[in-house]
Amino acid sequence: NNNIITAENVRLYYGKHEALHGIDLDFPEKQITALIGPSGSGKSTFLRSLNRMNDLIPDVTVTGTIRLDGSDIYSPQTDTVELRKRVGMVFQQPNPFPFSVYENVTYGLRLAGVKDKKLLDQRVEESLKLAAVWDETKDHLKDNALSFSGGQQQRICIARVLAVKPEIILLDEPTSALDPVSSAKVEDSLLAIKNQYTIAIVTHNMQQASRISDRTAFFLNGKLIEVDNTANIFLNP
Ligand code: ADP
Ligand code: ADP
């Protein structure tokens, strides 16, 4: 199995506080890896180290090695804007831009200079379909994304990430801010893209991990204490 990301002995410090104590974890191609564990165990910190979101926080130090397709993402040559396109991220709070659905989904492509209307239209439809929100948006592509429900907004955010065809998608508690029905729809969208995308998802919801993931990584006190096929983890608790 080909690994999209390999993390080796990752330590992360907030100032002097060591939040990750040497994490080794790989992300195999086209698998969903769930990161679970109690609040404060380092799941979100580790996830954010995978696309250098932590660089945005002052006084963060990362040691160890994280490779994306073999290249060290913490090397001085890394263009972090480019990195974050290759390693896309979806947050706990849906955060669509206050523009139309169409503008949201085409945002990354337009930044990259794509002007071909046909290609943009095609990518919008494809991404919204993959994110399981096409039926609800196809007649409202010009409406402001913020006029949709929280669950729809979150799926629009997933479509926005999918549109730039990232190599891996990171999701940080993507359903915790949603009601159960919306949450189930977001899960559906993840199940729909399963086998086509490599995904890492932080969740505190064990049932969600067992429903959608192929592998589960269990964090405790800044350490990775177990990683196995999800079926094994939940059969032998
Ligand atoms: P989880 O996602 O498992 O809830 P976090 O990664 O958010 O855990 O937190 C891991 C540890 O790092 C906790 O002790 C938390 O207080 C600390 N931490 C998280 N974010 C910051 C930050 N921006 N500054 C300082 N400490 C932080
Ligand atoms: P989450 O459940 O998403 O991990 P938290 O409540 O742990 O959210 O953290 C909310 C925000 O506060 C995050 O941006 C996190 O980085 C930051 N944070 C968490 N713990 C600390 C801390 N000890 N010191 C400073 N910032 C923190």
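**View 1. Helix H3 (residues 101–111) next to helix H6 (residues 150–163), with axes that come within 7 Å and cross at roughly 30°.** Everything here is a predicted model, where local features need pLDDT of at least 70, side-chain atom pairs count only at pLDDT 80 or more, and totals for chains, interfaces and linings use all residues; side-chain values use heavy atoms, with hydrogens and water left out. Residues are numbered from 1 along each chain as its sequence is written, with chains lettered from A and ligands numbered from 1 in the order in which they are written. Helices are DSSP runs (H or I, at least four residues), as are strands (E, at least two), numbered from the N terminus. Axes are lines fitted to C-alpha atoms, for helices over the stretch in contact, with angles from 0 to 180 degrees between N-to-C directions. H3 and H6 are therefore roughly parallel (angles under 35 degrees). H3 passes H6 in a right-handed crossing (the near helix is turned clockwise from the far one by less than a right angle).

**View 2. H6 again, now with helix H7 (residues 180–193).** These two axes come within 8 Å and cross at roughly 20°, so H6 and H7 also count as roughly parallel. The crossing of H6 past H7 is right-handed.

**View 3. Polar contacts around ligand 1, including one from the backbone of Gly40.** A polar contact is a pair of N or O atoms within 3.5 Å. A polar backbone atom of Gly40 sits 2.7 Å from a ligand oxygen. The side chain of Lys43 puts a polar atom 2.8 Å from an oxygen of ligand 1, and for Thr45 a side-chain N or O atom is 2.5 Å from a ligand oxygen. On its own, ligand 1 has 550 Å² of accessible area (Shrake-Rupley, 1.4 Å probe), and the protein covers 63% of that.

View 4. H1 gives the most, with three residues.

Technical notes. A polar contact is a pair of N or O atoms within 3.5 Å; within protein, one must be able to donate a hydrogen and the other to accept it, and residues adjacent in sequence count only if both atoms are side-chain atoms. Angles under 35 degrees count as roughly parallel, over 145 as roughly antiparallel, 65 to 115 as roughly perpendicular and the rest as oblique.
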